[in-house]
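Subject: Structure handover

Hello,

The structure follows below, with notes on what was found in it. Please read the notes with the structure open.

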Amino acid sequence: ASVLGTDMTMHMSQVSRVKGLVERLGGSPESWIAEGSGALRELQVFTLHAADVSSATKPPALADRWHGLLQEELFQQGDDERLQLLPLSPFCDRDAAKPASSQVGFMQFIVQPTFSLLAEIEPMINSEIMTFYEQNLRKWQDRKTLENAEIAAAVGKVKKVPRVSEVARFIGQGSIGTAFVCKIEGAQHD
């Protein structure tokens with residue numbers, strides 16, 4: 001049952017529940033034990049979830065390695081979805097990926113709140129874990145700046161966006177399907 005705690009669709013509700021417990025019980029182990037098994041179970045599941053999203057809290061070289069492995073796993077999922085003609089899941093389209101932007105958002109909206117909440121229970125998280133988080137966040141913010149500059153440069157190379165001005169529908173004799181022919185105007189190349 002704890003593994004279900006790693007389901008990202010449960011993240012916000014998990015943070016909310018643990019935040020309520022932290023506000024009520026603080027960081028004292030005695031308070032958590034006195035509260036009973038429900039509170040300890042909630043903390044156990046949340047800690048497993050934190051471990052699941054912790055790659056950005058590792059030393060930078062290790063964090064980069066984990067990011068590359070996880071990104072490739074998502075891309076392979078997207079490739080499989082594309083082959084099966086399914087809609088692509090978020091972050092799984094290797095052709096439209098913006099890894100730095102995605103990683104900065106994930107770090108700021110998932111990782112940071114998770115570990116900041118755990119740091120209220122165990123303050124050493126700030127010095128032992130969040131130090132690496134901050135290093136990695138700065139690195140990914142720099143990468144996001146470069147990623148955005150590359151996108152802007154690529155968009156700047158398009159002088160005029162082609163537009164479809166005519167769509168003609170033809171059904172040929174003996175054809176098995178319908179063919180659509182589009183007249184595209186205004187395409188310019190460098």
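Arg-94 is partly exposed at 34% relative accessibility, where partly exposed lies between buried (under 20% relative accessible area) and exposed (over 50%), with a 1.4 Å probe and protein chains only. Its salt-bridge partner is Glu-72, and the closest N and O atoms are 3.2 Å apart. A salt bridge here is a side-chain nitrogen of Lys or Arg within 4 Å of a carboxyl oxygen of Asp or Glu. Arg-94 belongs to the loop between α4 and α5 and Glu-72 to helix α4, 22 residues apart. Glu-72 also counts as partly exposed, at 32%.

Before the rest, the conventions. This is a predicted model, in which local features need pLDDT of at least 70 and side-chain atom pairs count only at pLDDT 80 or more, while totals for chains, interfaces and linings use all residues. Residues are numbered from 1 along each chain as its sequence is written, and side-chain values use heavy atoms, with hydrogens and water left out.

Confidence: the average pLDDT (the predictor's confidence in each residue, from 0 to 100) is 83 for the protein, and 79% of the residues score at least 70. Residues 164-190 fall below 50, and this stretch has 31 contacts in the model beyond near neighbours in sequence. A contact means heavy atoms within 4.5 Å.

Overall layout: the protein has seven helices and two strands, in the order α-α-α-α-α-α-α-β-β from the N terminus. These are DSSP runs numbered from the N terminus, with helices being H or I of at least four residues and strands E of at least two. Of the 190 residues, 26% are buried. Among contacts with a separation of 6 or more, 58% are between residues 24 or more positions apart.

Back to the salt bridges. The whole structure contains nine of them. Arg-82 and Asp-93 form one, at 2.9 Å from N to O. That pair connects helix α4, which holds Arg-82, with the loop between α4 and α5, which holds Asp-93, eleven residues apart. Arg-82 is partly exposed at 34% relative accessible area, and Asp-93 is partly exposed at 22%. A network of salt bridges links Glu-72, Asp-79, Arg-82, Asp-93, Arg-94 and Asp-95.

Another salt bridge joins Asp-64 and Lys-139, again with 2.9 Å from N to O. Asp-64 is in helix α4 and Lys-139 in helix α7, so this pair ties together parts that are 75 residues apart in sequence. Asp-64 is partly exposed, with a relative accessible area of 26%, whereas Lys-139 is buried at 18%.

Which elements do the buried residues of α7 pack against? They pack against α4 (60-83), α5 (99-121) and α6 (124-128). The buried residues themselves are Met-130, Tyr-133, Asn-136, Leu-137, Lys-139, Trp-140 and Glu-147.

On rings: the charged end of Arg-143 sits over the ring of Trp-140, 4.4 Å from the ring centre. The rule asks for NZ of Lys or CZ of Arg within 6 Å of the ring centre and within 35 degrees of the ring normal.

Regards
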